[in-house]
Amino acid sequence: TIAWQSLSGALHGQWQGESLEVKTEALELAKLNPGIPLGPIRLDASYRANTDTPAQGILQLDHASAGFAGGTLSVVGNTDWDLGQAPWHVPVAVRGVELSALMNLYPTEGLAGEGTLEGQLPVTIGPVGVRIDDGRIAALPPGGRLQLPADRLGSLAQSNQAMALVARAMENFHYRQLESGINYSTDGTLLLDLTLKGSS
């Protein structure tokens, strides 16, 4: 079940002999929430298929974008997919995502951040699910700020001197570099490797 709101635009269809073609024009969905809020979503696309195999045609995207956390997610690069030949590689560009808005999606008391993120997410969609291989997200210059109360890392800091230093620094950390590698597997495992440089 997915909540959505306010769909507008035009949908044109043509059935001629053994050929079926459907095309959208300025299709816009104000809000979509499959677990995280997206919107507005804008789509211009066409789909061609044989009537004997209507679900195994060619999907072509002229434009596909979605608002997310103050920025946008857009499909870029190759935008033609044969739905009869999985998997499908969907390159997604991340632009202008606000770190503060991202943290507000899953609010944690005392956790705060500022900065703007951009990057690329190579998404692969297949019969067993969705995965991301070697995605990269980075903060734009001049950087920003992260704030994590020391008690959040308290249990680790008690037995590890290095973690105690991290806990103190993260109470008010001003970063000049924030970069993250992103890998997401079809079993739901998310791996992030983070490079963070700055001072407190």
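Biologist: Among the elements of the chain, which has the lowest mean pLDDT and which has the highest?

Modeller: The lowest mean pLDDT, 70, belongs to helix α2 (residues 154–159), and the highest, 97, to strand β5 (residues 71–75). Here pLDDT is the predictor's confidence in each residue, from 0 to 100; helices (H or I, at least four residues) and strands (E, at least two) are DSSP runs, numbered from the N terminus. For the whole chain the mean pLDDT is 91, and 98% of the residues reach 70 or more. This is a predicted model, in which local features need pLDDT of at least 70 and side-chain atom pairs count only at pLDDT 80 or more, while totals for chains, interfaces and linings use all residues. Residues are numbered from 1 along each chain as its sequence is written, and side-chain values use heavy atoms, with hydrogens and water left out.

Biologist: Why is T124 called buried?

Modeller: Buried means under 20% relative accessible area, exposed means over 50%, and partly exposed lies in between (1.4 Å probe, protein chains only). T124, in strand β9 (residues 116–126), has a relative accessibility of 4%, and therefore counts as buried. In helix α3 (residues 161–169), the buried residues are A164, A167 and A169.

Biologist: What makes the pairing of T124 and H89 a polar contact?

Modeller: The term requires a pair of N or O atoms within 3.5 Å; within protein, one must be able to donate a hydrogen and the other to accept it, and residues adjacent in sequence count only if both atoms are side-chain atoms. The side chains of T124 and H89 make such a contact at 3.1 Å. Beyond its neighbours within four places in sequence, T124 is in contact (heavy atoms within 4.5 Å) with several residues, including W88, H89, V130 and D133.

Biologist: How do you know that R42 and E28 form a salt bridge?

Modeller: A salt bridge is a side-chain nitrogen of Lys or Arg within 4 Å of a carboxyl oxygen of Asp or Glu. For R42 and E28, the closest N and O atoms are 3.1 Å apart, and the pair forms a salt bridge. This pair links distant parts of the chain, with R42 in strand β3 (residues 41–50) and E28 in strand β2 (residues 19–33), 14 residues apart. The structure holds 5 salt bridges.

Biologist: What ties strand β11 to strand β8?

Modeller: The side chains of R145 and E114 meet in a salt bridge, at 3.2 Å from N to O. R145 lies in strand β11 (residues 144–147) and E114 in strand β8 (residues 112–114), so this pair ties together parts that are 31 residues apart in sequence.

Biologist: What distance separates the closest N and O atoms of R136 and E179?

Modeller: They are 4.0 Å apart, and R136 forms a salt bridge with E179. The two residues connect distant parts of the chain, R136 being in strand β10 and E179 in strand β12 (residues 173–184), 43 residues apart. Together with D193, R136 and E179 are linked in a network of salt bridges.

Biologist: Why is V130 called partly exposed?

Modeller: V130, in strand β10 (residues 129–139), has a relative accessible area of 39%, and is therefore partly exposed.
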